Amino acid sequence: MRCCLAGMLLCANVLASPAAGPQQAQGFADLPRQRVELKGCTFELPMRKGFQIRPAEDDAPPQAVNFYGKLIAGKTVRIDETRITFACYDSNKPDALRGYCIKPADGGWVQAENEPGRDGCDEGPYVKHVALRGSNWVGLGALERRTAVPEEEQALSLTICLIKEPSVLCANTSDLQYEVRPKENALPFVLDYLRNITFVDPPAPLSPASAAGSAPSP
């Protein structure tokens, strides 16, 4: 299956809610928002008590950050805190996105089939393509169940990229739903959380005159 995003149009054969059941709002749209600045991406995330954003590297601004938060309400057994790693890429450098199984084509973006350097990007029995749409971005990704581990460790993982050219914000998260506990499912919560991300314009740099004017007097 060749899935595509061209502008703001989604292909009809892309799964918008894979293996997750009915998608309902989880209340993230009503939360306060926190701005995150990465190299090349500035965006806002819903935040509530217990949610954390931690840099994934020491650079300032970093290229990647980790989100930590308990997305599933109530008592859980296998899934407590969810970690989502966000990394920013330049859409003008598509080779950097080879590992995310997407590529530019025909003025938009498509799911990358198996090609040299893209092993595992085909749609097999444990992979489903994902399409999302936010307020000012479109996204493509893949949902996969880890199978090369004991049954009690087999769980869903999600890789998806949110595209607002020239920025591409890619997210990775794992352990969303374990085979041994299927009713405990973080996937719909993660998808709704991602839908509420918004790209924003980065702060304008100060001009030399403004910087001089704002400097404290000796």
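1. A disulfide is counted here when a pair of cysteine sulfur atoms lies within 2.5 Å. The model is predicted, and by this rule the count comes to 2 disulfides.

2. The link is right-handed, with 75° about the S-S bond. Because cysteine 41 sits in strand β4 (residues 41-46) and cysteine 88 in strand β7 (residues 82-90), the pair ties together parts that are 47 residues apart in sequence.

3. As to accessibility, cysteine 41 counts as buried at 1% relative accessibility. Cysteine 88 is also buried, its relative accessible area being 3%. Both values fall under the 20% cut-off for buried.

4. Cysteine 161 and cysteine 170 are joined by a disulfide as well, at an S to S distance of 2.1 Å. The torsion about this S-S bond is about 100°, so the disulfide of cysteine 161 and cysteine 170 is right-handed. Both of these cysteines are buried.

5. Strands β8 (residues 102-105) and β9 run antiparallel and are joined by 4 bridges. One of the pairings is between alanine 105 and its bridge partner in β9, glycine 108. The hairpin of β8 and β9 has 2 residues between the strands, and aspartate 106 takes a positive phi near 55° there.

6. In a regular strand the side chains alternate between the two faces of the sheet. For strand β9 (residues 108-111), both faces are covered. Gly108 and Val110 are buried on one side, and Trp109 and Gln111 are buried on the other.

Technical notes
Residues are numbered from 1 along each chain as its sequence is written. This is a predicted model: local features need pLDDT of at least 70, side-chain atom pairs count only at pLDDT 80 or more; totals for chains, interfaces and linings use all residues. Side-chain values use heavy atoms; hydrogens and water are left out. Buried means under 20% relative accessible area, exposed over 50%, partly exposed in between (1.4 Å probe, protein chains only). Two strands pair if DSSP finds at least two bridges between them.
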